[in-house]
Amino acid sequence: MLLDTYGRTATDLRVSLTDRCNLRCTYCMPEEGLAWLAKPELLTDDEVVRLVRVAVVELGVTEVRFTGGEPLLRPGLVGIVARCAELGPRPQLSLTTNGIGLERVAGQLREAGLDRVNVSLDTVDPEMFHRITRRRRHGDVLRGLAAAREAGLTPVKVNAVLLPGLNEAEAPDLLAWALEHEYELRFIEQMPLDAQHGWQRDRMVTAGDILASLRTRFTLTAEDDGERGAAPAERWLVDGGPARVGVIASVTRPFCRACDRTRLTADGQVRTCLFAREESDLRGALRAGATDAELAARWRAATWGKKAGSGLDEPEFRQPSRPMSAIGG
Ligand code: SAM
Ligand code: SF4
């Protein structure tokens, strides 16, 4: 098991498959100038599957989510999913994607064993999409979403980040659109993980702002009685249900005490937290011939050192040196 000194057990693994992306979301990447990892630094497909196997078979991980960068840019994605689906005990397999190209592969991913998908979309307006992502791909995302629903990758979740001065007033429109298309919408508070270090706490749209804005058009009823366990999203029934909306208040109401995450970067580093400043190298050990038991021991040792929280509220907080696209969101 992956235990830490605060009594938490990590069972949910996020695997970044690439640091590259075909969008340039302002809250994640700079317009240009971000250096990519070189190919030899990336884990190969075999190495990814080997480390996922160590996590699942030796360390009790039960959920594996593929992310990035943009995971659909990884040529071997379908094969990686298929091989992870053969592991015993079979983990839950999901994908976080910007949806571009999902139209083409949703069916293959489902057949390979993918259970669910989260598609990131921050706006219903193609022009606003261009301002936020710096690319004109809104239609591709909508088609990707529809294909995911048709392929049975359900419930299809949509992740949205609201940004001051851009889409901050869009929460009710996004929810109306998600209800119409039967997508489960979750808002994520903007975090200080952008490559250009431009995040400002007093300029972010908070969970409180989002809920107030949604309540101008919808009736929201708390679903969880304040008990959300390890689930980061606080969920609300919309107009009495059964439709729901989630809010992930990573900054203003962090869920660190119940965190069950562990992360593997595309270059084979274990991170215990999005905001961690330390990483533990598994790639080096793996390429030096470590056994599964030795890799598991390294992963356990890294987890034992996991900090109590993100440190966001501490005066000495410093943003991690790698941006979200390189860590894996
Ligand atoms: N490219 C894929 C996508 O966009 O879904 C996967 C990687 S992306 C880094 C994963 C998630 O992180 C997305 O939902 C994105 O909106 C979110 N994200 C990126 N930067 C963020 C930030 N600074 N604060 C909050 N969420 C962020
Ligand atoms: Fe790419 Fe996802 Fe980052 Fe947007 S949030 S730039 S889609 S990795």
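Predicted model: local features only at pLDDT ≥ 70, side-chain atom pairs only at ≥ 80, totals over all residues.
Glu-184 sits in strand S6, which runs over residues 184-188. Is Glu-184 buried or exposed? Glu-184 counts as buried because its relative accessibility is 11%, and buried means under 20%. Which residues does Glu-184 touch, leaving aside neighbours within four places in sequence? They are Pro-155, Val-156, Lys-157, Val-158, Arg-235 and Arg-244.

Now turn to ligand 1. It is surrounded by 17 residues. The closest are Tyr-27, Gly-69, Glu-70, Ser-120 and Met-191. By class, the shell around ligand 1 has five nonpolar, ten polar and two charged residues.

| Residue | Part of the residue | Distance to a nitrogen atom of ligand 1 |
|---|---|---|
| Met-191 | backbone N or O atom | 2.8 Å |
| Gly-69 | polar backbone atom | 2.9 Å |
| Glu-70 | N or O atom in the side chain | 3.1 Å |

How much of ligand 1 does the protein cover? On its own, ligand 1 has 540 Å² of accessible area, and the protein covers 95% of that. Two strands give two or more residues each to the shell around ligand 1: strand S3 (92-97) and strand S5 (157-161).

Ligand 2 comes next. The residues around ligand 2 are Cys-21, Leu-23, Cys-25, Cys-28, Gly-69 and Asn-98. Which classes make up the shell around ligand 2? Four residues are nonpolar, two are polar and none is charged.

Notes:
Residues numbered from 1 in each chain as written. Chains lettered and ligands numbered in written order. Heavy atoms only, no water. Near = heavy atom within 4 Å. Nonpolar A, V, L, I, M, F, W, Y, C, P; charged D, E, K, R; others polar. Helix = DSSP H or I, 4+ residues; strand = E, 2+ residues; numbered from the N terminus. Buried < 20%, exposed > 50% of the residue type's maximum accessible area, 1.4 Å probe, protein only. Contact = heavy atoms within 4.5 Å. Polar contact = N/O pair within 3.5 Å; in protein donor to acceptor, adjacent residues only side chain to side chain. Areas by Shrake-Rupley, 256 points an atom, 1.4 Å probe, with all protein chains shown as cover.
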